[in-house]
Every structure is written in C-alpha cells, then in structure tokens.
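Hi there,

Here is the structure I promised to pass on to you. Have a look at it first, and then read my notes below.

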Amino acid sequence: MDLMMKLIIVYSGEDESDSDKFLHLWYLSFLIIDIDSFKSINDNYGHLAGDFVLKKVANIIQENVCCESRVYRWGGEEFSIITACKHDHIELANNINKIIRDEVFNYKGIEIKVTVSIGLIFVDKINSIGE
C-alpha cells in the first residue's frame, strides 16, 4: 500500500457526502540524519571504510523505524526518514542517535566512532485542507 494512503483517515461522520464531517488526521514526521565528520572517516580510513559506515548506518536506521516509515539516502552521508507512525518521533530520533553513537563500527579490525546529527519536523493533526 502507498504510504500516503496510510497517512490520512478521512471519515468521521455518518454521511460520507457531508464534507464538513470529514476529519483528516495526519501523523507525519520528516527526519534528516547526517553522519558527523564523514569526510574525516573517508580521509583517515579510506572510501571503502566510508562505504562500510554508510551501509551500517543505513541498516541501523532501517531496523529501528516502524513499517509505516520509509528511509532514503538523501545525499552523500545524509539519510531521510518519512514516517507516519503514531509513536513519539522525538524518541525515535533520540533512539537512532544513541544506537549509532553506542555501536562499534569495526572495519577490518579498526574501530571507527560514528555520531550523527538529526533534524526533525512533525505534523500531528490537520483538521481540514485549509487549516
């Protein structure tokens, strides 16, 4: 099913033709995740190590979002998440941040410390298209 189909719950009244009785509930977050100092990982350990870190970060993100979420690679070392889950989106961002910070990124016997910065925007309810 398309993600947008899961975002909007439209029926709240008995008469579906009565547009005033439609209620749009929209739980939506957009997160941007940037790997901090990623250039130094490539410079210090090589591009294969950088690719290893990218793949591992992508896996961590994917494993920690709900099924109502989509994860995308936004740019070189940036990822985005669009999620329609009704959970605490700030907690989601904090959990991903902590898991990555606590993870041991072991590339060919070298431990690489990885941290991320996360930006978040959240829409919790829209009652009508005009609001």
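**What I found**

Leaving aside neighbours within four places in sequence, Val 57 is in contact with Ile 35, Phe 79, Ile 100, Phe 105 and Val 114 (contact means heavy atoms within 4.5 Å). Please keep in mind that this is a predicted model, where local features need pLDDT of at least 70 and side-chain atom pairs count only at pLDDT 80 or more, while totals for chains, interfaces and linings use all residues. Residues are numbered from 1 along each chain as its sequence is written, and side-chain values use heavy atoms, leaving out hydrogens and water.

Now to helix 2 (38-45) and helix 3 (47-63); helices are DSSP runs of H or I with at least four residues, numbered from the N terminus. Their axes lie 6 Å apart, and the packing angle is about 140° (axes are lines fitted to C-alpha atoms over the stretch in contact, and angles run from 0 to 180 degrees between N-to-C directions). On the helix 2 side, Phe 38, Ile 41, Asn 42 and Tyr 45 make the contact; on the helix 3 side, His 47, Ala 49, Gly 50, Val 53 and Leu 54 do.

Which residues of helix 2 are buried? They are Phe 38, Ile 41 and Asn 42, where buried means under 20% relative accessible area and exposed over 50%, with a 1.4 Å probe and protein chains only. The face turned away from that buried side carries the exposed Lys 39, Asp 43 and Asn 44. Just after helix 2, Gly 46 has a positive phi of about 100°.

Happy exploring!

Note on methods. Helices (H or I, at least four residues) and strands (E, at least two) are DSSP runs, numbered from the N terminus.
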